[in-house]
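These are my notebook entries on one structure. I looked up a few things and wrote down what I found.

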Amino acid sequence: MKKKRELFSELRKKKGTQAKVAADNEISEVYVRMIENGTFTPGRDLMFRLASYFNTDVTELFADYFKKYFGQYR
């Protein structure tokens with residue numbers, strides 16, 4: 001089982017519900033839930049759009065992805 005993306009979850013809660021974040025980013029609520037729970041990693045463009053939306057660095061928001069494919073990124 002994948003590990004929940006804690007930073008994503010924390011930042012999402014500051015913005016509101018999963019439904020609000022989904023609507024703001026023109027994606028489905030299910031997609032937001034899957035990203036937050038770590039069961040799915042979005043494509044590059046959506047990664048950067050979400051990082052911008054949450055005003056954070058993409059490598060921090062998706063640290064699990066960058067660590068898996070690029071080793072200890074930071």
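Where is Phe40 found? I located Phe40 in the loop between helix 3 (29-37) and helix 4 (44-53). I take helices as DSSP runs of H or I with at least four residues, numbered from the N terminus.

**Ground rules.** I noted that this is a predicted model, where local features need pLDDT of at least 70, side-chain atom pairs count only at pLDDT 80 or more, and totals for chains, interfaces and linings use all residues. Residues are numbered from 1 along each chain as its sequence is written, and side-chain values use heavy atoms, with hydrogens and water left out.

**Entry 1, the surface patch.** I looked up Phe40 again and read a relative accessible area of 35%, so Phe40 is partly exposed. Buried means under 20% relative accessible area, exposed over 50%, and partly exposed in between (1.4 Å probe, protein chains only). Together with Val30 and Met34, Phe40 makes a nonpolar surface patch of about 230 Å². Such a patch takes residues with over 30% relative accessible area and no salt bridge, and joins nonpolar side chains (Val, Leu, Ile, Met, Phe, Trp, Tyr) within 5 Å. The areas come from the Shrake-Rupley method with a 1.4 Å probe.

I found Val32, Ile35 and Glu36 buried in helix 3. They cover an arc of only 95° around the axis, which means that they sit on the same side of helix 3. The arc is taken from the directions from the helix axis to the C-beta atoms. Helix 1, helix 2 and helix 4 are among what covers these buried residues. After helix 3 comes Gly38, with a positive phi near 80°.

Which residues touch the most other members of the largest nonpolar core? I listed Phe8, Leu50, Phe54, Leu61 and Phe62, out of 17 residues in that core. A nonpolar core is a set of buried Ala, Val, Leu, Ile, Met, Phe, Trp, Tyr and Cys residues joined through side-chain atoms within 4.5 Å. Helix 4 gives the most, with five residues. I then checked Phe8, and its contacts (heavy atoms within 4.5 Å) include Val32, Ile35 and Glu36. Phe8 also touches Leu50, Phe54, Leu61 and Phe62, with residues up to four places away in sequence not counted.

I placed Ser9 in helix 1 (residues 6-15). Ser9 is buried, at a relative accessible area of 2%. Leaving out residues up to four places away in sequence, Ser9 touches Lys4 and Glu36.

How many salt bridges does a search of the whole structure find? The search finds seven. The term needs a side-chain nitrogen of Lys or Arg within 4 Å of a carboxyl oxygen of Asp or Glu.

- Arg5 and Asp64 meet at 2.9 Å, N to O. This pair links distant parts of the chain, 59 residues apart, from the segment before helix 1 to helix 6 (residues 63-70). Arg5 is buried at 4%, whereas Asp64 is partly exposed at 38%.
- Lys20 and Asp24 meet at 2.5 Å, N to O. Both lie in helix 2 (residues 18-24), four residues apart, about one turn of the helix.
- Arg44 and Asp45 meet at 3.2 Å, N to O. Arg44 is exposed at 60%, and Asp45 is exposed at 54%. I also noted that Lys4, Arg12 and Glu36 are joined into one network by salt bridges that share partners.

How values were computed
Helices (H or I, at least four residues) and strands (E, at least two) are DSSP runs, numbered from the N terminus. Patches are made of residues with over 30% relative accessible area and no salt bridge: like charges are joined within 9 Å, nonpolar side chains (Val, Leu, Ile, Met, Phe, Trp, Tyr) within 5 Å.
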